[in-house]
Amino acid sequence: MTLALLSPLIIVGSALALILLERRYPYEPKQRLFREGFFTDLLAYGLLQSYLLGLLITGFITWLDRHTGWSRLGLVSGWPLLLQLSFFFVTHDFYIYWFHRLQHVSPWLWRVHEAHHSVDDVDWLSGTRSHVLEICINQTIEFAPIVLLGASPKVALLKATLDAVWGMYIHSNLNVHSGRLQYVINGPEMHRWHHARDLAAPGKNYGTKLAIWDHLFGTAYRPAHKPARYGLEEPRYPKRGAFAYVAQHVYSFLPEARRTARVEAEWAAEGHAEPRGSA
Ligand SMILES: [Zn+2]
Ligand SMILES: [Zn+2]
């Protein structure tokens, strides 16, 4: 069987395995499979957006290569497949650590990342919720070098499969105790804390696949207890309804004043006499 056929089977098989494991070994036993936003994440983000952006980004990289001709130089073509894969795996993971960290400090970049933090019940599916621009930036930076440096097409396919499976794993509601492995390999033990709303959580655990970056750059956080809650401190963030996907993207472009006004209006409607900020 070819890798192109095997890849979707591995992804679907991993999803089913994680769903079963989440039932058997839950990190948060109260979480439901069909939680708020389940179908938005599965259909709009997981299937439709992934498929369409896959076509768009592949088309853009193909266009870029046609105009530069860089892949014909075959800069990494002679390397063994495992070395190619390891090279792109580590370099991209290093990039994503720093870009992710930047997204949490830059108000502009946060706008294209907050969707990812808007899930209150972090699980195997919640990692799919990523803003359309965030995917365009990150996947172009991930896959363009693979194509332009002349890597084997298998590298892109293997990497895309790894991304999907690892993304589901680190968000899964799975009570994993990986011990010292957690110094190297990232998993739900650390990434669920990245999504926590607890006071100590912000600014921690930016790693995706490798945890070494967090340990090296002082952002690792893995206390013995579990987070009290997950999600956003954003009372008007749109999470419900059939058009939540569209509403979330519209919300990301709303001027700050409009966002504040919406929160203040709700605050006043609740009967508070003072502005929300002074409470
Ligand atoms: Zn984040
Ligand atoms: Zn995440």
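Start by selecting helix α1 (residues 3–24) and helix α6 (residues 153–171): their axes come within 10 Å and cross at roughly 5°. Axes here are lines fitted to C-alpha atoms, for helices over the stretch in contact, with angles from 0 to 180 degrees between N-to-C directions. That angle makes α1 roughly parallel to α6, a label for angles under 35 degrees.

Before moving on, a word on ground rules. This is a predicted model, so local features need pLDDT of at least 70 and side-chain atom pairs count only at pLDDT 80 or more, while totals for chains, interfaces and linings use all residues. Residues are numbered from 1 along each chain as its sequence is written, and chains are lettered from A, ligands numbered from 1, in the order in which they are written.

On α1, pick L3, A4, S7, I10, I11, S14, A15 and L18; on α6, pick K154, L157, A160, T161, A164, V165, M168 and Y169.

Now zoom out and colour by secondary structure: the chain has 10 helices and 0 strands. Helices are DSSP runs (H or I) of at least four residues and strands (E) of at least two, numbered from the N terminus.

Finally, show the C-alpha trace alone. Along its principal axes, the trace spans about 70 × 45 × 35 Å.

Notes: Parallel < 35°, antiparallel > 145°, perpendicular 65-115°, else oblique. Contact = placed C-beta atoms within 7 Å.
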